Amino acid sequence: MYPRYASDCLSRSLMTLALACVLVATISASLQAGSLHRYWPRFPRPRQVILVPFVGDHQEGMVFETAAGLVAGVLLRRESKLLLMEDVDRSDYRRWAEKMMGLVRPGTKGPMDTWAATALARDLGLVKGYILYRYDTHERPWHGLGEIDESANVATALAPIFRAVAVSELLKPRAEELGLRMLFDARGHPEEWCLKRYEKHFSRHLVMTADPKSRVARSLAVAVGAFVVSRPGPVYEAALARCEPDSPVLGWGCGAEDAQTLPSSEWGLFQTATNWCHNLPVFSTEQVGETIPAEAVLSPRADLSLADLRWRTGVHYITFIMSDGDNVQWMMGNFAGGAEGHYYYDSPLRGRFAMGWTIPYVDLAQLCPYVLMDLFRRASPGDDFVLFGGGYYYPDRFATKRQGNWLAVHARRIGAYMRLGGLRSLALNLQDWDSPEALTAYQTLTRSIPALNGIFTVQYLPYTAGEGRVIWVRAGRREVPAVSCKMCIWAQTGRARETTP
């Protein structure tokens, strides 16, 4: 039986919820790390870190990223104790680097530039040569569609196979001056050829989407041997289909948001918006609940339940929730610091009013747990945290091209992280928020996550399609509300119920 609709009178709905949610999950600080599914690789702690100044040029950055990825891949196989770390000269990344260095305590060497670090890796036998590619200079916006030269992505995908760094035509003389030998010429080779020719070599647990203009986040793809694809289409579909269900998509490709997210959802994978993340292998050495205490990544509001709140009659309760909490690169970057942090979590106004922050807790717990530690440590009494989906996917279309109930598998896995973090609410973006498929997805999530108290829903377009209506989802003896967005502080879209404050 499908859930019934309730009115959008939030005071009545939430008072009912407070009485209905009698099952409160027990938050255990001793949660075993073994019960947490790792979507992302855990790199061994390095004995030494080579410091490289920030690389602002994307062509030189391709050299750095592929060199750093090759070095990290050797560490992942436990054949080395070395990592390359870029000194990102910003308050946010400096904060994560300091926390990592303080915990892991590796020796350091440098700073040395990209080419010196590459030469060191070559001398250690970690780099054998270079792959030549043509840097994409077509006139199109970043992550936009248009004419694309795919050879940078081909060079990145082949880098671990040839143990070679990716070098553009412009930098070829510099590579040869260093004594590197060209091992393959990727120019003119499309991604489709690359996937067909070397398919057996690529990881089935991760795929990367990337604009060939951008060098960022490629080190992780190289380290694990992921295939790299630029845009939606047959090659993208083939890359998704060959991956294990419930796997992450690294980076962000070219084209419309839904054109990228719908295929990955249908194949049972999830987006992570990691396209501007730096130093992911460096920040991925720890296990929350093990080398990082569970208390350090526990929400400061974990001891509260809806039944603890004081309710009044004749009152409409309003919740302000920040969207984009699926976006790992933003949460690692300009959300918590950097040039734009003062608009968001670093704002001096934070704490003057109650605010809900959606966060990619599951991904951050593995890729950079230092962000979670920082957010929770600095939280004000008015800050609350909501898990955004456990990745960005459309639950009403999740794994529709697969056999089996993979949404239930995903829900159980992210539910373990919700218990660890003391998170009890979930934010979701759906194609059709109240369709029969959406109602089935809500029921699956509610049954699979005993700690779940409620779901905040937005429709992909428009966010406010539900107009504040509430769907009550029955799971055994529990009823959990799926609350739709009523208004959106989103200026100049021209859509109803989306406006300025």
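Start with helix α5 in this predicted model: its buried residues are Ser151, Ala152, Asn153, Val154, Ala155, Thr156, Ala157, Leu158 and Ala159. That makes 9 of the 12 residues in α5, which runs over residues 151-162, so the helix is largely enclosed by the rest of the structure. Just after α5, the backbone does something worth a look: Arg163 takes a positive phi of about 55°.

One of those buried α5 residues, Ala157, leads us on to Phe227, which is in contact with it. Leaving aside neighbours within four places in sequence, Phe227 also touches Glu191, Cys194, Leu195, Phe202, Val207, Met208, Val235 and Ala239.

Now zoom out to the largest nonpolar core, which has 114 residues. Phe227 is among the residues with the most contacts inside this core, along with Met332, Tyr361, Leu375 and Tyr442. As for helices, α15 (residues 406-421) gives the most to the core, putting in 7 residues. Apart from this core lies another one, of 30 residues, and Ala68, Met112, Ala121 and Leu126 are among them. In soluble globular proteins, nonpolar side chains tend to be buried together.

Ile318 is exposed, because its relative accessible area is 62% and the cut-off for exposed is over 50%. You'll find Ile318 in the loop between α11 (280-283) and β12 (321-322). Together with Phe320 and Ile489, Ile318 forms a nonpolar patch on the surface, and the three have about 340 Å² of accessible area together.

How values were computed. Residues are numbered from 1 along each chain as its sequence is written. This is a predicted model: local features need pLDDT of at least 70, side-chain atom pairs count only at pLDDT 80 or more; totals for chains, interfaces and linings use all residues. Side-chain values use heavy atoms; hydrogens and water are left out. Patches are made of residues with over 30% relative accessible area and no salt bridge: like charges are joined within 9 Å, nonpolar side chains (Val, Leu, Ile, Met, Phe, Trp, Tyr) within 5 Å. Accessible areas come from the Shrake-Rupley method with a 1.4 Å probe; for residues, only the protein chains shown count as cover. A salt bridge is a side-chain nitrogen of Lys or Arg within 4 Å of a carboxyl oxygen of Asp or Glu. Helices (H or I, at least four residues) and strands (E, at least two) are DSSP runs, numbered from the N terminus. Buried means under 20% relative accessible area, exposed over 50%, partly exposed in between (1.4 Å probe, protein chains only). A nonpolar core is a set of buried Ala, Val, Leu, Ile, Met, Phe, Trp, Tyr and Cys residues joined through side-chain atoms within 4.5 Å. Contact means heavy atoms within 4.5 Å.
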